[in-house]
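Reader: I am new to this structure. Please take me closely through a single part of it.

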Amino acid sequence: MSALIVRQALPEDAANAVDVLRASITEGCVEDHQHDPETLALWLHNKTVETFLRWLGTPTTHLIVAQHSSNLVGVAAINGQSHIHLLYVRPGFYRTGVGSALLAELERHALDVGASQITLESSITARSFYERHGYSSAGSPKPGFGISRAFPYAKALAR
Ligand SMILES: CC(C)(COP(=O)(O)OP(=O)(O)OC[C@H]1O[C@@H](n2cnc3c(N)ncnc32)[C@H](O)[C@@H]1OP(=O)(O)O)[C@@H](O)C(=O)NCCC(=O)NCCS
């Protein structure tokens with residue numbers, strides 16, 4: 001995709017970023033939540049401007065966004081233990097390389113801070129995406145939000 005910029009998140013991104021998170025979960029993760037209202041409510045509960053600003057103020061969290069023209073099209077974060085905390089793309093921009101660009105920046109950051117591997121817990125929806133990027137299953141699925149399950153993955157980082 002031309003003119004895709006991946007950059008550090010800013011406080012003024014909060015409303016658009018939360019919009020991306022909520023739309024991506026609601027419309028993109030249907031296989032996971034199956035439109036179960038309780039599951040959706042639990043998953044969306046902390047996807048608020050207040051929480052986004054808290055993540056932004058956490059020094060050990062690297063919170064980034066992807067921007068296409070003036071449109072915020074993706075949000076991702078990795079914490080100090082090199083665990084990917086979230087990675088969501090705006091519906092309408094799937095399969096256009098946004099997720100890959102965000103993941104590449106998280107991996108670059110993890111290498112920069114001396115990590116030897118990255119871990120994460122994937123939705124059903126994102127498993128093929130992470131496998132395509134060299135992540136391997138790292139254990140049995142854990143309970144996620146409501147009826148959803150979280151699939152552990154890991155990848156060793158090449159220096
Ligand atoms: C999963 C997600 C982050 C992937 O981002 P994306 O921008 O669509 O992915 P990319 O365009 O960079 O895809 C790169 C490659 O990953 C694989 N891939 C991505 N999405 C896939 C899917 N739904 N099914 C199968 N393979 C997929 C493909 O090999 C793809 O390359 P191709 O399009 O040339 O075949 C995005 O679809 C999303 O936000 N989904 C909903 C929210 C979610 O589940 N987030 C993850 C929470 S853990």
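This is a predicted model: local features need pLDDT of at least 70, side-chain atom pairs count only at pLDDT 80 or more; totals for chains, interfaces and linings use all residues.

Author: Gly114 follows α5, and its phi is positive, near 90 degrees.

α5 runs over 98-112. At 1.5 Å a residue, its 15 residues should span 21 Å, and the end C-alpha atoms are 21 Å apart, so the two agree.

Next, its two sides. Val98, Gly99, Leu102, Leu103, Leu106, Glu107 and Ala110 are the buried residues of α5. They cover an arc of only 165 degrees around the axis, so they sit on the same side of α5. Arg108 and Asp112 are exposed on the other side.

What lies over the buried residues? The cover includes the strands β1, β2, β3, β4 and β5, and also the helix α6. Take Leu106. Beyond its neighbours within four places in sequence, Leu106 is in contact with Ala76, Ile78 and Ile84.

Leu106 also belongs to the largest nonpolar core, which has 36 residues. Leu106 and Leu102 are among those with the most contacts inside it, as are Ala17, Leu21, Val75, Ala76 and Tyr88. α5 is one of the elements that give two or more residues to this core. In soluble globular proteins, nonpolar side chains tend to be buried together.

Last, the ligand. Of the 20 residues around it, Gly99 and Ser100 are among those that come nearest, along with Gly28, Ala126 and Ser128. α5 gives two or more residues to this shell, as do α1, β4 and α6. The shell divides into eight nonpolar, ten polar and two charged residues.

Terms used: Residues are numbered from 1 along each chain as its sequence is written. A residue is near a molecule or strand if its C-beta atom, placed from the backbone, lies within 6 Å of it. Helices (H or I, at least four residues) and strands (E, at least two) are DSSP runs, numbered from the N terminus. Ala, Val, Leu, Ile, Met, Phe, Trp, Tyr, Cys and Pro count as nonpolar, Asp, Glu, Lys and Arg as charged, and the others, Gly among them, as polar. A nonpolar core is a set of buried Ala, Val, Leu, Ile, Met, Phe, Trp, Tyr and Cys residues joined through C-beta atoms within 7 Å. A residue is buried if 20 or more other C-beta atoms lie within 10 Å of its own, exposed if 12 or fewer, and partly exposed in between; C-beta atoms are placed from the backbone. Two residues are in contact if their C-beta atoms, placed from the backbone, lie within 7 Å. The expected span of a helix is 1.5 Å times one less than its number of residues. The arc is that of the directions from the helix axis to the C-beta atoms.
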